[in-house]
Amino acid sequence: MYEMPQKNPFKKSFFDLKELVDCIQENLLCPATIEDTNHRLHAYSSHEDDTDSARIGTIISQRVPEKVINRLWKEGVIPKLLQTDCALRIPHIEDIGLRDRVAIAIRKNNETLGYIWVVEDQKKLNGAQLELLQDAAVAATPLMAKLYQNRKRKEENYQDFLWQLLTGQYKSLEEIHNKFYDLNLKMPERFTVLAFRFEQDITRKMEEQISYLITTSQKITNHFLVVMDEELILIASPHPSQPDEKAFDDFISFFVSEMANRFSIQGVRGSAGTGYQDFDKAQTSYQEALKVLKMKERFPEELENIQHFRQLGVFRYLDLIQKDQRTRRYEHPAIAKLEAYDALHKSNLLQTLEVFIQQDSNMNDAAKKLFVHTNTLHYRIKRISEIGGIRLTNIHEKIGIYLDLKARKMDEK
């Protein structure tokens, strides 16, 4: 008796991703999920009560948990998925609650649009079923491409709005509120502007890597993102799991290190402005973030671990002092005397003074920094006081000369 060949259930058009994911479960007899490239969940099938915690966490939060993503990168799973069109088998990883999986990338030409993940049971998928999963990935491509295009159009509208906020184009808070409403955006209670500077112009591929890290880190809630040449700007709030501004410091450190570790992009510098409630302060927060980057560039050693505007301290006022010095052609008399003495005697008393104040007048720390004995430093400090006519026990005098030294360095640079 002639037997009709079995039809491939994925060689057809699907209405949406939910219909597709249900078809995957029906034909492979395994729970399945479909995610975008940032591991946001777009569709999932039903599962038995004994499913693993990684799947439950993904469904509850509508994205893959951060610890799972980080581990999949560490194990080399995601890099392999990005490089192959075939289904990839992932053995269970018990400590993150991940049972045996099979995953495949959804791809259009050379661009990855998302992933299909299937949870295997004791009976593993056979060769024919793995081929069906490849067909399912092909069927998912037009659906994911449509989502991608919709997201891209939204981002273009958001970018215009963001630049208007950052450049102070809105005359009132009411205008800003109306624009949020028009774009169907929820206005956060509080926000901060973050700025990152790269050593080269940011390419489209780098933008995707940036978006991936921001979305998957789950350290901040990002509201807007814009790229201009070598600069990345975000308007963000702390993630609900990290409700204070320390979240931004943690995110900046994470972002810089992960761009280097995962994508081999070195030399990224990051900063954060002050947090505000009203969006007419977006321009202020942005300028504060830029000021941190500017000062870090000019004083890399002093500000190595500084990321937030609030941490700049006296460096916030250096440009004002520099401007005043230029206008009045002023130079601190002690600086002039010490500089003249150093030139005549080939000494370095001016540098010693700067390091001493920078180390909070701690003799031991300053001596280590200068590679001299503390007795030598004691002698130098005594000579500095005599030659410069300054009292280093007076906090006001000491800070004044320190600021003048730094403002002078800004002019030199």
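Colleague: At roughly what angle do the axes of α12 and α14 cross?

Modeller: This is a predicted model, where local features need pLDDT of at least 70, side-chain atom pairs count only at pLDDT 80 or more, and totals for chains, interfaces and linings use all residues. Residues are numbered from 1 along each chain as its sequence is written, and side-chain values use heavy atoms, with hydrogens and water left out. Helices (DSSP runs of H or I, at least four residues) α12 (349-358) and α14 (374-388) have axes that come within 10 Å. Taking axes as lines fitted to C-alpha atoms (for helices, over the stretch in contact) and angles from 0 to 180 degrees between N-to-C directions, they cross at roughly 105°.

Colleague: Which residues of α12 meet α14?

Modeller: Contact means heavy atoms within 4.5 Å. On the α14 side there are L377, R380, I381, R383, I384 and I387. Facing them from α12 are L349, T352, L353 and F356.

Colleague: Which strands stand at the edges of the sheet?

Modeller: Strands (DSSP runs of E, at least two residues) pair if DSSP finds at least two bridges between them. Five of them form an open, antiparallel sheet in the order β2-β1-β5-β4-β3. Two have a single partner strand each, so one side of each lacks a neighbour in the sheet: β2 (41-44) and β3 (88-90).

Colleague: What is the bridge partner of D36 in β5?

Modeller: Strands β1 (32-36) and β5 (111-119) pair in the antiparallel sense over five bridges. In β5, D36 is partnered by G114.
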